[in-house]
Amino acid sequence: MMYTTTKRQNPLDREADSKYYASPVYGEEIDVNDLAKDISKTCTLTPADIVAVIESFLDKMPFYLKNSNRIRLNKLGIFKLSFSSNGHEKEEDVSSNDITNLRVLFTPSAQLKKELSDVSYTRK
């Protein structure tokens with residue numbers, strides 16, 4: 001993976017001296033069509049079939065997440081919803097109005113982590 005260096009201030013302490021940090025450098029973005037063309041080279045499905053499956057999955061994903069399901073994609077990992085909440089002294093005072101900051105969490109599978117454990121880094 002490529003990286004570069006950038007000088008940044010500590011956002012928690014603006015008075016501290018700036019430091020240099022490694023920052024990722026990304027290559028070209030791979031979209032669904034690029035991915036489908038590449039996948040189709042290793043199976044009997046056409047790129048259009050693969051795009052249809054991915055698009056159908058993406059259409060269904062919000063439904064399952066909204067219904068408190070976790071979505072496990074075996075070799076990839078798990079997607080789930082999470083949120084923050086305001087606290088109260090009494091349990092009966094907690095309501096859905098206290099829920100804030102909805103977000104989608106992704107936890108990579110052990111297999112994906114293992115496959116990425118040998119990433120090498122190259123300074124650009």
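This is a predicted model: local features need pLDDT of at least 70, side-chain atom pairs count only at pLDDT 80 or more; totals for chains, interfaces and linings use all residues.
## Overall architecture

The protein chain contains three helices and six strands. Read from the N terminus, these elements follow the order β-β-α-α-β-β-β-α-β.

## Dimensions and packing

The radius of gyration of the protein chain is 21 Å, whereas a compact globule of 124 residues would have a value near 14 Å. Along the principal axes, the C-alpha atoms occupy a box of roughly 60 × 45 × 25 Å.

Of the 124 residues in the protein chain, 12% are buried. Where contacts link residues at least 6 apart in sequence, 29% of them join residues at least 24 apart.

## Helix α2: geometry

Helix α2 comprises the 20 residues 47–66.

A kink of about 30° is located at Lys 60 in α2, shortly before the proline Pro 62. After α2 comes Ser 68, which has a positive phi near 70°.

## Helix α2: buried residues

Which residues of α2 are buried? They are Ile 50, Val 51, Ile 54, Met 61 and Leu 65. In an α-helix there are 3.6 residues a turn, so residues three or four places apart point the same way.

The cover over the buried residues of α2 includes the helix α1 (32–40) together with β3 (71–73) and β4 (77–85).

Note on methods: Residues are numbered from 1 along each chain as its sequence is written. Side-chain values use heavy atoms; hydrogens and water are left out. Helices (H or I, at least four residues) and strands (E, at least two) are DSSP runs, numbered from the N terminus. The expected span of a helix is 1.5 Å times one less than its number of residues. The bend at a residue is the angle between axes fitted to the seven residues ending there and the seven starting there. Buried means under 20% relative accessible area, exposed over 50%, partly exposed in between (1.4 Å probe, protein chains only). Contact means heavy atoms within 4.5 Å. The radius of gyration is taken over C-alpha atoms; the globule rule is 2.2 Å times the number of residues to the power 0.38.
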